[in-house]
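Thanks for coming. I will go through one structure piece by piece, so please have the sequence and the 3D view open.

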Amino acid sequence: MFNSIVVRFAPSPTGYLHVGGARTAIFNWLFARSTGGKFLLRIEDTDKERSSEEMVRAILDGLKWLGLDWDEPPMRQSNRSARHRAECLRLLESGHAYWCRCSAQEVEERRTQLWDRGVAYRCPELCRNSLSTQAPDENAVLRFKVPEGKTHFNDIVHDAITFENSEIEDFVLLRSDGTPVYNVAVVVDDHDMDITHILRGDDHLSNTPKQIQLYRALGYDVPQFGHLPLILGPDKKRLSKRHGATAIGEYQMRGYLPSALVNYLALLGWSPGGDREIMTLDELIEAFDIRRVLKKSAVFDEEKLRWINGQHIRRLSISELMERLRPYIDGDVPGADNGYLERVVRLMQERMTVLPDLFNEGWFFFKDPESYDEKGVKKHWKPQVPVMVEEILAELEKCDFTAASVE
Ligand SMILES: [Zn+2]
């Protein structure tokens with residue numbers, strides 16, 4: 001097995017925790033917890049315009065609600081730009097980077113010409129081979145000098161993957177305002193956090209050859225990569241808001257149990273083998289095997305999630321279920337003193353798929369009907385009916401009417 005595994009989840013606080021991000025976090029967390037490794041967090045908050053502290057809190061609360069804990073205080077990427085910049089300048093000094101003085105228009109024209117010949121963008125020799133370590137002017141950007149050859153790696157999920165370096169452009173490391181780009185920040189931070197395995201969505205696959213080039217040029221050990229298959233909507237397109245709720249908080253509000261959501265998301269792209277489906281966090285940790293991550297994209301199926309949630313509800317003890325229901329009760333349920341409520345919960349537990357079902361499906365336990373079918377009454381409520389009802393009531397009173405005898 002692996003020695004001292006360190007993985008991370010690196011959300012951007014530009015939005016809430018979504019289904020896709022949560023699934024990535026769950027896979028990393030399960031991998032760490034099943035191997036005795038560490039699970040770390042990094043807040044990728046370099047986009048100051050779009051990031052907010054409110055979102056940082058919401059994401060951390062979402063992870064906590066799911067039951068995922070982390071081993072060290074989260075790293076803040078925005079605190080580290082001096083370090084990222086210093087590593088870029090080290091690349092310049094070691095000849096892996098160059099100052100580009102081409103105008104945006106020159107780059108655009110040359111990019112098209114080169115691409116017609118099947119080669120990704122490189123600056124003209126004058127720019128690319130310049131040995132100057134001083135930025136020529138304030139519009140200059142620092143570019144990475146992509147070497148010749150191929151970039152090859154063994155992906156944990158997809159096995160051997162090879163990129164032709166001629167298809168990777170001499171990408172920008174430092175923008176003209178001196179800020180480092182995403183790929184630099186990610187590589188330097190993952191190195192400094194001692195990350196050994198990077199499990200992330202397939203959408204990052206195109207960044208991976210660039211990042212591997214950076215690891216090598218900086219003299220870092222290259223971690224192992226595993227790209228998780230995308231989560232698709234029922235129409236086989238990438239899961240998005242068009243398909244309905246994607247924020248984890250919405251599922252919490254709709255009365256899903258965190259254990260059910262983790263269970264369901266763990267099964268999106270991973271299988272414990274056999275036909276096991278309903279699993280607690282501890283059972284997932286026990287069964288998790290990174291080698292069983294599937295290559296194929298997974299389709300998000302809310303009906304399946306609802307079924308799994310119902311199964312998790314059935315497995316709670318009455319007191320656990322009462323506790324989970326508490327936020328929905330909030331004192332305004334008529335006649336809901338604890339004894340009565342508990343009896344209703346016992347009856348409804350087998351029939352609930354989400355927590356509010358107690359009130360939506362079982363409303364008649366809590367309030368009298370407000371209307372009745374008047375036509376039906378005219379048709380069936382004949383003079384002899386009250387007599388018959390009296391007789392049935394008398395019969396029922398003689399019965400041993402308990403759940404056990406009814407069944
Ligand atoms: Zn240039």
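Which domains does the domain assignment of the protein give? The assignment gives domain 1, residues 81–181, and domain 2, residues 318–406. Their C-alpha centres lie 70 Å apart. Before going further, please keep in mind that this is a predicted model.

Let me begin with a sheet. Three strands form an open sheet in the order β4-β5-β8, and the pairing is antiparallel. Which strands stand at the edges? Those are β4, residues 97–100, and β8, residues 172–174; each has a single partner strand, so one side of each is left without a neighbour in the sheet. On average, and with direction ignored, neighbouring strands here are turned by 40° against each other.

Now the pairings. β4 and β5 pair in the antiparallel sense over four bridges. Strand β5, residues 141–144, pairs with β8 over two bridges, again in the antiparallel sense.

What about the side chains of β4: are they buried or exposed? Ala 97 and Trp 99 point one way, Tyr 98 and Cys 100 point the other way, and all are buried.

Next, the helix on this sheet. α3 packs on the sheet and touches β4, β5 and β8, with its direction at about 120° to that of β8. α3, residues 81–93, also meets another helix, α6, residues 182–192. The axes of α3 and α6 come within 10 Å and cross at roughly 100°. The two helices are therefore roughly perpendicular to each other. On the α3 side the contact is made by Arg 83, His 84, Glu 87 and Cys 88, and on the α6 side by Val 184, Ala 185 and Val 188. By class, the residues of this contact are four nonpolar, one polar and two charged.

Staying with α6, which of its residues are buried? They are Val 184, Ala 185, Val 186, Val 187, Val 188, Asp 189 and Asp 190. Those buried residues pack against several elements, including α3, β8, β2 (38–43) and α7 (208–217). Just after α6, Asp 194 takes a positive phi of about 60°.

Helix α1, residues 19–35, and helix α9, residues 258–266, have axes that come within 9 Å and cross at roughly 85°. α1 and α9 are therefore roughly perpendicular to each other. From α1, the contact takes in Val 19, Ala 22, Arg 23, Ile 26 and Leu 30; from α9, Val 262, Leu 265 and Ala 266. This contact has seven nonpolar residues, no polar ones and one charged.

Last, a single residue, Val 354. Where is Val 354 found? It sits in the loop between α13 (338–348) and α14 (357–360). Val 354 counts as partly exposed because it has 19 C-beta neighbours inside 10 Å. Neighbours within four places in sequence aside, Val 354 is in contact with Arg 254, Gly 255, Tyr 256, Arg 306 and Asn 309. Asn 207, by contrast, is 147 residues from Val 354 in sequence and 39 Å from it in space, C-alpha to C-alpha.

That is the end of the tour.

How values were computed:
Residues numbered from 1 in each chain as written. Predicted model: local features only at pLDDT ≥ 70, side-chain atom pairs only at ≥ 80, totals over all residues. Buried ≥ 20, exposed ≤ 12 C-beta atoms within 10 Å, placed from the backbone. Contact = placed C-beta atoms within 7 Å. Axes fitted to C-alpha atoms, helices over the stretch in contact; angles between N-to-C directions. Parallel < 35°, antiparallel > 145°, perpendicular 65-115°, else oblique. Nonpolar A, V, L, I, M, F, W, Y, C, P; charged D, E, K, R; others polar. Pairing = 2+ DSSP bridges. Domains from an automatic or database assignment.
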